[in-house]
Structure formats: structure tokens, C-alpha cells
Amino acid sequence: MTSKLFSFSKKESRLYMSFMYVTFISLFIGGLMGLLQTFVRSGKYTLPFGIDYYTILTVHGVILGLVLTTFFIIGFQFSLLGKTVGISDKQLMVGWISFWVMLIGTVMASITILVGQASVLYTFYAPLRAHPAFYIGLALVIVGSWIAAFVNFRQLYVWKKAHKGEKSPLLAFMVTINMIMWVIASLGVAVSVLVLFIPWSLGYAETINVLLSRTLFWYFGHPLVYFWLLPAYMAWYAIIPKLVGGKIFSDSLARLAFILLLMFSIPVGFHHQLTEPGIDPTWKFIQVVLTFMVIIPSLMTAFSVFGSFEAAGRRKGFTSLFGWIKNLPWKDVRFLAPFIGMVAFIPGGAGGIINASHQMNALVHNTIWITGHFHLTAATTVILTFFGITYWLVPHLTGRRLTPKLNKLGLIQTWIWTIGMLIMSGAMHIQGLIGGPRRSSFSEYAGGEQVATWINYQIAQAVGGTILFVGIILMVYIFIQLSFFAPKGVQEYPIAEEEPDAEKTPKFLENWYLWIGITIALILFAYTIPMIDIIKHSPPGSPPFDWPIGK
């Protein structure tokens, strides 16, 4: 990785932990909203105090999909760069500015949702209109994340200036790729919010271009998934090998995979809009092809990670074909949680191929199959890996230890989460295949025969959701223990070294002008003509619909 690993000062640890506190508060609130959703959809429970189903649905999506992930990722990535390239006091101060801007924005958006003024789902689809504070709050979250990104860029720039001719540490390279992708992608949602939503919500514009707003959102919405996923990849490539007693399989392969993910994760938003009228099918087809290109770095990642596992086992003398599997540290929660996340990504990725396929998407697009897929990828692959990171990152930052007792509790939590998600996501996938809709509260749909087949799967989702919420309570308890009560001690920050006989990493892999240039060229190719067409030929804009409809 690098010849020197920096140790954290108390000031650094305080900043990184602040992001973790928001993460786990969000986990509890968003998880509770998800539990209530499954209860309502089972038909056996009615929300008290006149609370609307779509309010808790919006809280669940925004708090978990946008707030939890963004705060965890930025806090984790700050720690990665702090450990590998260092951080100055000035950069630390700007890091605090990013935290407070994001937190203020989060509080603004959250309050408007909780008081029933922004029940527009996490995609804030027009023509549903939220209170202006909701959009302004989300804009502040994006601005705060940009400040964090530029701190990261500055950290690597200062390191490169002091280490001329040296390749950057792998994890610093990976963080930079992820934040470049985030900044480029979030420009879409920033334009959408600043130019379309805020003037419209304030009454300065009578109508909104619905198709343009959705296209700008999904320009951002798909790379958002990779913004969640790439930190998990960072752990898989460079941290998990250390935990299994191995080394990084190939520095070059890891960098190339991240470059390919940067290039092919952004110009693919139309595969979320395959049923959307007003977009030429030719451009939908082109973006579907670009979507399938992402499969390549995903397979490269699987090859590299399992290559590291096998090499570690062979080094320890396991010679049979699969003997090395027994050698993996199955009783170490720092390994088990991310490993189950890796396994979940196999069916999750296969489901993504189905969703992005034009004809098959028509069958599943507006069904709860999509929700099941989302929970398999984001809420299993990503979140379990984040939990695995938490078990060593938080005690390292707080000067405490992951004790055998907390490790055992973590193993129990991991299996509870896995079982709950298997039941809930599995039921969602099956119900989706028999036509069960997504985004909907419980309804008997006037007693339709097909609808009667959905109820058992909706009850199964409530059972799975309940098990998951038990897992959330246990995870929050473990986090509190690791933050404040676990015994004082030294917890390793596990960063693996590269294989000693690995091929030298080519310098062109760090040619930022080349890779950013190709990425922008692909985006311009995929979006310029269809965006001109959307702006030029869109139907008349829509007046706002406030929730509840007709209020």
C-alpha cells in the first residue's frame, strides 16, 4: 500500500466518529420506518395519529438511501485518506465544514418529511411537490459532500507533490475515483433541484418539466448505487485480504476495475427509465449496452478477491482444490459480515441484469421485485460490508477493542440480518413476479383474484422486516458499546500489502486527465442528443400536486 501509515490524532478521530454517529442514528430511524412499512403492507396494522404511509416510506428511503450511506462513506473515506496520505489541520477544519453543512441539510429535509410536507419518496418524483425546505436541505447535503470531495482531492494532491514519481496508495486512489464519480453524477441532481424543483416549490415557476426532472435524477440515481458499492469494494480489495492473512492480489487489476466503474457507472441512467415515454428507444438501447459493461469490473473484483483468499490459504499449506475455504476466519465478524455481502451480490447482480434488460424490465419495472433487488444489493451487500467495517473502524477511532463477546454478538447480528433479509427480499422477489406493485400501501384492489395471492408474501415481508429490526437494535447496541463502553485498547486498522512478486503498476492508470476525459466523453455521447430532444419536445409542464392529493 504505502511505506508509511499515519496514526490518527484525537481531532481526526472526533471528525470521523461524528459521521459514524449520524450513520447509526439514521440506521435506527430509517429501520423503524421500514418495519412500520412492512406492518402496513401486511394489512394487519394501521398507522396511529393519522400518520401517512407515504411519509414513512419517504423517511425510510431518504434516511437510509441518502443520509446513512453518504455520512458513512464520507467518514470512512476520510479515515482511509487520513491513514494512507495524511490530513492537515486546515483540511480537517474544512472537513468539519462539510459535516455541518451536510447535517444542517439533513435536519431540514428530515423535519419537512416528518411533518408531512415532503411525502415525495426518496426519488422526489415530480409532479408531487414538497416544501421548499426539503429541496434546499437536500441541496445542502450535496454541497457538503462536494466540500468533503475537494478535501479528499487536496489530500492526495499534497501527498503526490511530496512523493513525486511514486504511485499513490491504492486506497487513496480508490477514494479519489469514488469522489470524482460522485461529483460528476451529483451535478445532475443539483441542477434538477436548483433549476427545476426549488423555483417550482417556491411558486416562481407554475409548472415543471417532469421528464427532464426524472432524467436528471436518474443520471445521478444509478451512479449513486456505485457510490454506495465502491467503498465496499475498497474493503474487499484492500482490507479483507489482511483479515484472512493474505495480500492484495493485484494492485493494477484493482485500479483498472475502479477506472472501468467510473467510466461505465454514469452514462446508464436510462435503464431506470425503460418504461418512460418521451425517450427515444435507440438511446435506451445504447445505455443498456453501457450498463452491461459494468459487469466486467464486477467479475474482475470477484476474481481478485477470491484470488486473495485462495493465495492466503495456499501460503498456509492448504493444497486441495477447496481446502483453503476452511482456512477463512469464519468466526471473525470483520470477515463474515462482508463475506455474506459478497455472496449476496451474486443473485443481486443477476437481478440487476434482468432489470436492465429491455423486455424483462417491462415485466418487473413497477413491481416489488425492484424493491427486493434493491434490498439484496444495497441493504445486504453494501450494508453488511459497512457493518463489517464498523467492527474494526469504530474501536480504532475510539481507542477501544472488539472483545470476544462483542465479536460473538456481531456474528449473531450478521446471521439475524441475513435471515431477515432472505425472508423479506425473497418474498418481495416472488410477489413481484406475480404482479405485486411497489410504492403502494396495503390495498385489496376491489378484491381481485390475483391480489389474493399477494397477501402471504406481504405477511412474510413483515416477518422478515421484524427480524431485520431486531438486527438493527443489536447493531446499534454494538456500535454504542464500541464507541463508549468496550475495554480500552488498540484495535488494528487492517490494510493489506500487495503481493511481493506482483507486476509493477503501469503509470498510465493514474492518468487522471485520460480517465476523466473518457468518462465525460461517454456521458456527452449518451446524454447530449436525448437531453436536447427532451428539452425541445417535452409536453407542457405539470402543475404541482401536493400530498395528500387535493390538499
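The 36 positive and 21 negative charges of the chain have mean positions 9 Å apart. Lys and Arg count as positive and Asp and Glu as negative, while His and the chain ends are left out; each charge is placed at NZ of Lys, CZ of Arg, CG of Asp or CD of Glu.

A word on the source: this is a predicted model, where local features need pLDDT of at least 70, side-chain atom pairs need pLDDT 80 or more, and totals for chains, interfaces and linings use all residues. Residues are numbered from 1 along each chain as its sequence is written, and side-chain values use heavy atoms, without hydrogens or water.

| Feature of the chain | Value |
|---|---|
| Buried residues (under 20% relative accessible area, 1.4 Å probe, protein chains only) | 60% of 551 residues |

Finally, zoom in on Ile534, which sits in helix α18, residues 512–537 (helices are DSSP runs of H or I, at least four residues, numbered from the N terminus). Is Ile534 buried or exposed? Ile534 is buried, with a relative accessible area of 2%. Leaving aside residues up to four places away in sequence, Ile534 touches Asn209, Leu211, Leu212, Thr215, Gly278 and Ile279, contact meaning heavy atoms within 4.5 Å. Ile279 lies 255 residues from Ile534 along the chain, yet their C-alpha atoms are separated by 7.2 Å.

How values were computed
Helix = DSSP H or I, 4+ residues; strand = E, 2+ residues; numbered from the N terminus. Buried < 20%, exposed > 50% of the residue type's maximum accessible area, 1.4 Å probe, protein only.
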